[in-house]
Amino acid sequence: MRPVIPYVTAALLFGLGVYGVLRRRNAVLVLMAVELMLNAVNLVLVTADTTVRAALPHGGQVFALFVIVLAAAEIGVGLAIVLQFYRLRASVAVDDVPLTEGRVEPATAAGVPVAAGVRPADRPEGER
């Protein structure tokens with residue numbers, strides 16, 4: 001077996017995953033791109049295990065199993081965060097994630113976002 005083909009395939013998968021993480025705005029698609037990168041790493045680990053005989057037998061396959069477990073945990077936690085963000089903001093766009101500290105207020109019924117920590121009674125008369 002030629003190990004060049006799986007390595008090139010893994011490089012293409014990893015590059016596609018990096019492109020997806022850097023380019024996508026939807027959080028679910030970003031998680032899918034991260035999964036592509038993890039699958040590329042799995043392919044490299046298994047290919048290296050079959051081509052290079054190391055002192056640890058089947059070491060690459062064991063590490064690939066750990067990566068699969070890590071990916072499952074990442075998807076579970078990531079989707080929980082995305083669903084909670086969707087409940088608060090009604091959007092899963094990564095650009096809408098607030099990066100400031102403080103409490104995040106959901107959007108009001110009128111469509112005007114509520115500033116964090118500002119009650120409607122504290123606003124000036126024209127903004128109510």
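Glutamine 61 lies in helix 3 of this predicted model. Along the chain, glutamine 61 and valine 46 are 15 residues apart, yet their C-alpha atoms are separated by 5.4 Å.

The helix that holds glutamine 61 runs over residues 59–89 and has 31 residues. From its first C-alpha to its last, helix 3 reaches 44 Å, close to the 45 Å expected at 1.5 Å a residue. Just after helix 3, the backbone takes a positive phi of about 60° at alanine 90.

Which residues of helix 3 are buried? They are Gly59, Gly60, Ala64, Val67, Ala71, Gly78, Val82 and Phe85. Helix 2, residues 27–51, is included in what covers these buried residues.

From helix 2, attention may turn to one of its residues, glutamate 35. Its contacts, leaving aside neighbours within four places in sequence, are with Ala71, Glu74 and Ile75. Of these, Ala71 is among the buried residues of helix 3.

How far away is the nearest side chain of opposite charge to glutamate 35? That side chain belongs to arginine 24 and is 15 Å away. A salt bridge requires a side-chain nitrogen of Lys or Arg within 4 Å of a carboxyl oxygen of Asp or Glu. Glutamate 35 is thus buried yet has no salt bridge.

Key: Residues numbered from 1 in each chain as written. Predicted model: local features only at pLDDT ≥ 70, side-chain atom pairs only at ≥ 80, totals over all residues. Heavy atoms only, no water. Helix = DSSP H or I, 4+ residues; strand = E, 2+ residues; numbered from the N terminus. Expected span 1.5 Å × (residues − 1). Buried < 20%, exposed > 50% of the residue type's maximum accessible area, 1.4 Å probe, protein only. Contact = heavy atoms within 4.5 Å. Lys, Arg positive; Asp, Glu negative; His and termini not counted.
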